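Welcome, and thanks for taking a look at this structure. Please have the sequence and the 3D view open while you read the short tour below.

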Amino acid sequence: MSTDVPTTESERRDEGGFTLVEVMVVVLIIGILLAIGIPTFLGARERAQDRAAQANLRTAQNTAMIIYTDDADFRRVNTSRMRDAEPELVWRGANSAARNDNDVSIANPVGGTEWAAAAMSDSGTCFFIHLRSDGRTQYGSSDATACTGTNALAVTGNDW
């Protein structure tokens with residue numbers, strides 16, 4: 001008569017299953033992979049959010065330049081005309097802060113020789129663009145400044 005119960009020590013060791021050490025090694029490897037993967041994912045997400053705000057600012061720049069070419073004057077590049085030319089974005093006045101990447105706060109000072117816009121990324125960074133009638137364009141960003149077209153007029157660098 002045959003029984004399925006192992007009788008010797010080697011037969012008992014050959015039974016299927018994992019030891020506690022093997023399970024702990026697998027858990028450790030999974031933990032290391034998560035520690036590497038999560039920050040990478042979060043960084044990619046933040047970069048994508050920043051690129052969305054920058055893309056909307058480039059759309060604003062192109063729209064502003066189209067309107068500017070009609071008159072060679074930035075004074076007419078206002079929220080009303082921008083809204084008519086590009087209805088997909090929410091256009092805000094110079095002192096009204098952009099709240100997300102779909103909001104664009106614009107400023108066109110009285111002289112008509114410059115125009116600026118700001119958009120807030122969902123990551124919390126405000127991006128600025130500043131156009132001048134002499135052809136110079138400056139880009140900037142800030143984590144601390146109110147995200148308004150007025151503040152975008154003060155952009156001095158080209159950091160994005």
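Leaving aside its neighbours within four places in sequence, which residues is Phe-74 in contact with? They are Met-65, Tyr-68, Asn-108, Gly-112, Thr-113, Glu-114, Trp-115, Leu-131, Arg-132 and Ser-133, where contact means heavy atoms within 4.5 Å. Before going further, note that this is a predicted model, in which local features need pLDDT of at least 70, side-chain atom pairs count only at pLDDT 80 or more, and totals for chains, interfaces and linings use all residues. Residues are numbered from 1 along each chain as its sequence is written, and side-chain values use heavy atoms, with hydrogens and water left out.

- You will find Phe-74 in the loop between α2 (20-71) and α3 (79-85); helices (H or I, at least four residues) and strands (E, at least two) are DSSP runs, numbered from the N terminus.
- Phe-74 has a relative accessible area of 1%, so it is buried; buried means under 20% relative accessible area, exposed over 50%, and partly exposed in between (1.4 Å probe, protein chains only).
- Phe-74 and Asn-108 are 34 residues apart along the chain, and their C-alpha atoms are separated by 6.2 Å.

**Salt bridges**

- Side chains of opposite charge can pair when their charged atoms come close.
- A salt bridge here is a side-chain nitrogen of Lys or Arg within 4 Å of a carboxyl oxygen of Asp or Glu, and the count by this rule is 6.
- One of them joins the side chains of Arg-81 and Asp-71, at 3.2 Å from N to O.
- Arg-81 sits in helix α3 and Asp-71 in helix α2, so this pair ties together parts that are 10 residues apart in sequence.
- Both partners are partly exposed: Arg-81 has 23% relative accessibility, and Asp-71 has a relative accessible area of 31%.
- Arg-75 forms another salt bridge with Asp-73, with the closest N and O atoms 2.7 Å apart.
- Within that pair, Arg-75 is partly exposed at 45%, whereas Asp-73 counts as buried at 15%.
- Arg-136 and Asp-134 also meet through their side chains in a salt bridge of 3.2 Å, N to O.
- Arg-136 is partly exposed, with a relative accessible area of 45%, while Asp-134 is exposed at 53%.

**Strand β4 and its two partners**

- Strand β4 covers residues 126-132 and is mostly covered, with 7 of its 7 residues buried.
- In a regular strand the side chains alternate between the two faces of the sheet.
- In β4, Cys-126, Phe-128, His-130 and Arg-132 point one way, while Phe-127, Ile-129 and Leu-131 point the other way.
- Two strands pair if DSSP finds at least two bridges between them; β3 (residues 114-120) and β4 run antiparallel and are joined by 7 bridges.
- Across this pairing, Met-120 stands opposite Cys-126 in β4.
- The hairpin of β3 and β4 has 5 residues between the strands, and Gly-124 takes a positive phi near 100° there.
- On β4's pairing with strand β5 (residues 137-142), the two run antiparallel and 6 bridges join them.
- Here His-130 stands opposite Gln-138 in β5.
- The hairpin of β4 and β5 has 4 residues between the strands, and in it Gly-135 takes a positive phi near 100°.
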